[in-house]
Amino acid sequence: MSGTVAPRRAPRLWWNLLGLLVFVTAGFPLYWMLNTAFKPAKDAIDPDPSLLPTGITFANFGRALDIADFWGPVGRSLVVSLAVVVIGMAVGLLAALAISRFAFRGRKIVIVGILAVQMVPLVAMIIPVFLLLNDLGQYDRLTGLIITYLTFILPFTVWTLRGFIVNIPKELEEAAMVDGCSRTGAFLRVVFPLLAPGMVATSVYGFIQAWNEYLYALMLLSQKNQTATVWLGNFTTKHGTEYAPMMAGATMMAVPIVALFLLVQRKMAAGLTAGAVKG
């Protein structure tokens, strides 16, 4: 009996070790950010750093706030990210519903176009986007940055929501319409509640993409209108790069994302398990 059980446990042990290795590899940058944020500034530039905390101080957070304005960039990042999520979800949901539920001429071309847009490197579009926004009078304006973010977040939203919608049987809508609901009523009463976890998961990922984007925010906004990611790159002073305040600023920037995950973690888990693409 023991001879047959041991070989079965061995593969599970290796998979557990592999999972632990992946967790440590992925979590180490976060640990190092927190470790540097709370350690004394002189220890942050030590050529022989310690993996364990050498001391705890909150002075780095005050220094981060003193180097440059913090609340202005964070507020602008929140406005941009929330606007992108709201507009992207409103437009993306209608587009995903049309692609998933209706047969129309050019449907396959639309789907291929959505995939093709996501394959284009963002860095390749910087100059055309800059020239276009400049001609439209949207350079150095948050509305221009919101429109730019929608160009690559909206296709992701449409494609992801399509994966959730195709997993909801059409028969549920048809049964609701047989009972007297209109197509809109069937969607709102039957499909929409089932789609809610997928919408939450898609919204969170869209928010993270907009919140963490750096390149376009740097190129399309001046310093007075900079977002939080650009603000985080301004920790090079006449004394050099101040790594401890920079990591403190990164920690403060991570707070909204962590809070968002804590608020919607149940919906996120349900959405991730329900979002397999079919059809």
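Q: Where in the chain is Asp140 found, and is Asp140 buried or exposed?
A: In this predicted model, Asp140 lies in the loop that links α6 to α7. A residue counts as buried when its relative accessible area is under 20%, and Asp140, at 18% relative accessibility, therefore belongs to the buried residues.

Q: Which residues of α6 are buried, and how do they lie around the axis of the helix?
A: To read a helix in this way, one can look down its axis and ask in which directions the buried residues point. In α6, which spans residues 126-136, the buried residues are Ile126, Val129 and Leu133. Seen down the axis, these buried residues fall within an arc of 70 degrees, so they line one face of α6. The face turned away from that buried side carries Ile127 and Asp135, which are exposed. Among the elements that cover the buried residues of α6 are α7 and α10, the latter being residues 215-220.

Q: At what angle do α4 and α7 pack, and what kinds of residues make up their contact?
A: Two packed helices can be described by the angle between their directions and by the distance between their axes. Helix α4 (residues 71-101) packs against helix α7 (residues 142-165) at an angle of about 40 degrees, and their axes are 7 Å apart. Angles under 35 degrees would count as roughly parallel, and the angle found here makes α4 oblique to α7. The crossing in which α4 passes α7 is right-handed. In the contact of α4 with α7 there are 21 nonpolar residues, together with four polar and three charged ones.

Q: How do α7 and α9 pack, and which residues make the contact?
A: Helix α7 and helix α9, the latter covering residues 183-212, pack at an angle of about 160 degrees with their axes 10 Å apart. Because angles over 145 degrees count as roughly antiparallel, α7 is roughly antiparallel to α9. Their crossing is right-handed. From α7 the contact includes Tyr149, Ile153, Phe156 and Phe164, while from α9 it includes Leu195, Met199, Tyr205 and Ala210. Sorted by class, the contact of α7 with α9 holds 10 nonpolar and six polar residues, and no charged ones.

Q: At roughly what angle do α8 and α9 cross, and which residues form their contact?
A: Helix α8, which covers residues 170-178, crosses α9 at roughly 135 degrees, and the two axes come within 9 Å. The two helices are therefore oblique to each other, and α8 passes α9 in a right-handed crossing. The contact is formed by Leu172, Glu173, Ala176 and Met177 on the side of α8, and by Arg183, Ala186, Val190, Val191 and Leu194 on the side of α9. By class, the contact of α8 with α9 comprises seven nonpolar and two charged residues, with no polar ones.

Q: Which residues is Trp211 in contact with, leaving aside its neighbours within four places in sequence?
A: A single residue can show how separate parts of a sequence come together. Trp211 has its place in helix α9, and its relative accessible area of 1% makes it buried. Leaving aside neighbours within four places in sequence, Trp211 is in contact with Val74, Ser77, Leu78, Ser81, Thr229, Met253, Pro256 and Ile257. Trp211 and Ala254 are 43 residues apart in sequence, and their C-alpha atoms are 9.8 Å apart in space.

Q: Is Pro155 buried or exposed, and what does Pro155 touch?
A: Pro155 has its place in helix α7 and is buried, with a relative accessible area of 11%. Not counting residues up to four places away in sequence, Pro155 touches Ile114, Val117, Gln118 and Leu150. Of these, Val117 is 38 residues from Pro155 in sequence and 7.2 Å from it in space, C-alpha to C-alpha.

Q: How many helices and strands are there in the chain, and what share of its residues is buried?
A: The chain has 12 helices and two strands, and buried residues make up 36% of its 279 residues. Among contacts between residues at least 6 apart in sequence, 73% join residues at least 24 apart.

Conventions: Residues numbered from 1 in each chain as written. Predicted model: local features only at pLDDT ≥ 70, side-chain atom pairs only at ≥ 80, totals over all residues. Heavy atoms only, no water. Axes fitted to C-alpha atoms, helices over the stretch in contact; angles between N-to-C directions. Helix = DSSP H or I, 4+ residues; strand = E, 2+ residues; numbered from the N terminus. Parallel < 35°, antiparallel > 145°, perpendicular 65-115°, else oblique. Left-handed = near helix turned anticlockwise from the far one by under 90°. Nonpolar A, V, L, I, M, F, W, Y, C, P; charged D, E, K, R; others polar. Contact = heavy atoms within 4.5 Å. Buried < 20%, exposed > 50% of the residue type's maximum accessible area, 1.4 Å probe, protein only. Arc of directions from axis to C-beta.
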